[in-house]
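Work through the exercises below with the structure open. Try each task before reading its solution.

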Amino acid sequence: MENEILLSVEQLNKSFGDHEVLKQIDFSVTGGEVICIVGSSGSGKSTLLRCINRLEHQTSGKIYYHGQEVRDIQSEVNKYRAKVGMVFQSFNLFNNMSVLKNCMAATQKVLHLPQEEAFSRAIKHLKSVGMAPYINAMPDQLSGGQKQRVAIARSLCMNPELLLFDEPTSALDPEMVGEVLNVMKALAETGLTMLIVTHEMGFARDVSTRTIFMDKGYIAEDDVPERLFTNPQNPRTREFLSRFISG
Amino acid sequence: MSMAVFMTQDPTNSFQWMVFLAQKYSRLFLQGMWITLYVAVIGTLGGFLLGFLIGIVEDMKISADDSPVKKVLIRVLKIICKVYVELFRGTPMIVQAMIIFYGISQTGVQISPDIAGILVTLLNTGAYMTETVRAGINSIDAGQKEGALSLGMSPLNAMFMVILPQAFKNIIPEMANTFLTNLKMTSVLNVIGVSELFMMAKTAGGTYYKYFESYLVIALIYLVLCFIFNRIFKLIEKKMSVRKNYALAIEYMTND
Ligand SMILES: Nc1ncnc2c1ncn2[C@@H]1O[C@H](COP(=O)(O)OP(=O)(O)OP(=O)(O)O)[C@@H](O)[C@H]1O
Ligand SMILES: [Mg+2]
């Protein structure tokens, strides 16, 4: 899996009505990479992730997974999503299920794991995010940071090849941001391939192996964080970063 | 209260007449109550099921890459559902009862008034439940569905495992309401000869020409039935809304 291209996005365009939100997006994700996508609000970051996860449909362009075009055929999409997970800003834990059930529902229903195996997998990943003691809790009994850690564990239970994160810490109180970023940092160290939309510049700089800066629907810059954060080539990147540092 | 009130062999006032009729025709009233309950319960439950099915059909989305057969099928289903809902919401139940009962009889199929009554109640309930189910589904945050889909669940799995269980909880008060309405609305079914409470009151009142008292008896029965069911539903709602504190799984407190 290392060094193999997992996902490639080619000439992707997306419009809502006559509002072009994504323009000629071209990039690929290699196994083991941790890519952070940064950019100002409205630049199309969420839309890009949602297109990759098939929650949105591009106007033109293609997405390839292991060299195969990702088509909108429901059964194929389901299999693809089982491998390419997504963590949302608003957690999206199932409100009608306990923490444990949240982590077992898909492994049982989608992967058809037997009960005991689904259970031990859930416990393993809940432990890794420090949420195993809370297996009996319902989502609305948890703090934001706890919910997001459970959501991450739930995605991990599928043994994803690629995990997408859409601003996983933006809905959190400041004191809870750290606990989630730490979990993600630990995940990065395990070699999991991740594509992370974030406003946490420090995290992007320290953890990502590559950083993409999006501006007005375009990929304005795509580089290693060492260069992108200290010596950006595109003036728009410089402007964005300076606003961040001063703000 | 003196025992004289219950000397019902020779009733002189309305109250005594009520007691007299209730005793003399207790079998009729009980039988009517049974039919009323039976038609209302089965008709309502069937109607809920139909309402859920149609609510789900109406929530289905056609995506560009679906096969042509599937696209046509979904579209036709949606049209059928729409026409059905419009028809049943736009006409009175009493008229539906007549049309369905005599319509089916005219085709030569033997149908008992009770079955026709259940069918009318069911179809009527289904048309109204559809709206409630759809509103219930829409009230669930879109993130719930997206969370399920992002794990590879099919839209149908997402619906049955995640969305409907949550929507159902929100719909329960409306379902209780619908049942209580049906309990009362079965009274119109006397026009096709269903021997429910209303019909029985007519019969019981007829012999002595004491309709006022006879209808007072069934009014009381309806009132008591509604009161009891209302209480039961309130209890269920309360039971479902209590939040149990969760127990920390101390066996997993240490992280190794
Ligand atoms: N469903 C939609 N319908 C119409 N316009 C939309 C829709 N979703 C997003 N947009 C528009 O597309 C643009 C890009 O939105 P997107 O959510 O991708 O931005 P973003 O980079 O994720 O921003 P943020 O940092 O605020 O999350 C915005 O102008 C938004 O208004
Ligand atoms: Mg966004």
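Two exercises follow, one on the chain interface and one on the ligand site.

This is a predicted model: local features need pLDDT of at least 70, side-chain atom pairs count only at pLDDT 80 or more, and totals for chains, interfaces and linings use all residues. Residues are numbered from 1 along each chain as its sequence is written, chains are lettered from A and ligands numbered from 1 in the order in which they are written, and side-chain values use heavy atoms, with hydrogens and water left out.

**Exercise 1. Describe the interface between chain A and chain B.**

Step 1: count the residues. Chain A contributes 38 residues in contact with 30 residues of chain B. Contact means heavy atoms within 4.5 Å.

Step 2: take the area. The size of an interface is often given as the accessible area lost when the parts come together. Here about 2,900 Å² is buried between chain A and chain B, and carbon and sulfur atoms give 57% of it. Buried area is the accessible area (1.4 Å probe) lost by two parts on being put together, summed over both.

Step 3: look for charge pairing. There is one salt bridge between the chains. R50(A) and E146(B) form it through their side chains, at 2.8 Å, N to O. The criterion is a side-chain nitrogen of Lys or Arg within 4 Å of a carboxyl oxygen of Asp or Glu.

Step 4: Eight residue pairs make them between chain A and chain B, both residues at pLDDT 80 or more. A polar contact is a pair of N or O atoms within 3.5 Å; within protein, one must be able to donate a hydrogen and the other to accept it, and residues adjacent in sequence count only if both atoms are side-chain atoms.

Step 5: sort the chain A side by class. The residues that touch chain B divide into 20 nonpolar, 11 polar and seven charged. Ala, Val, Leu, Ile, Met, Phe, Trp, Tyr, Cys and Pro count as nonpolar, Asp, Glu, Lys and Arg as charged, and the others, Gly among them, as polar.
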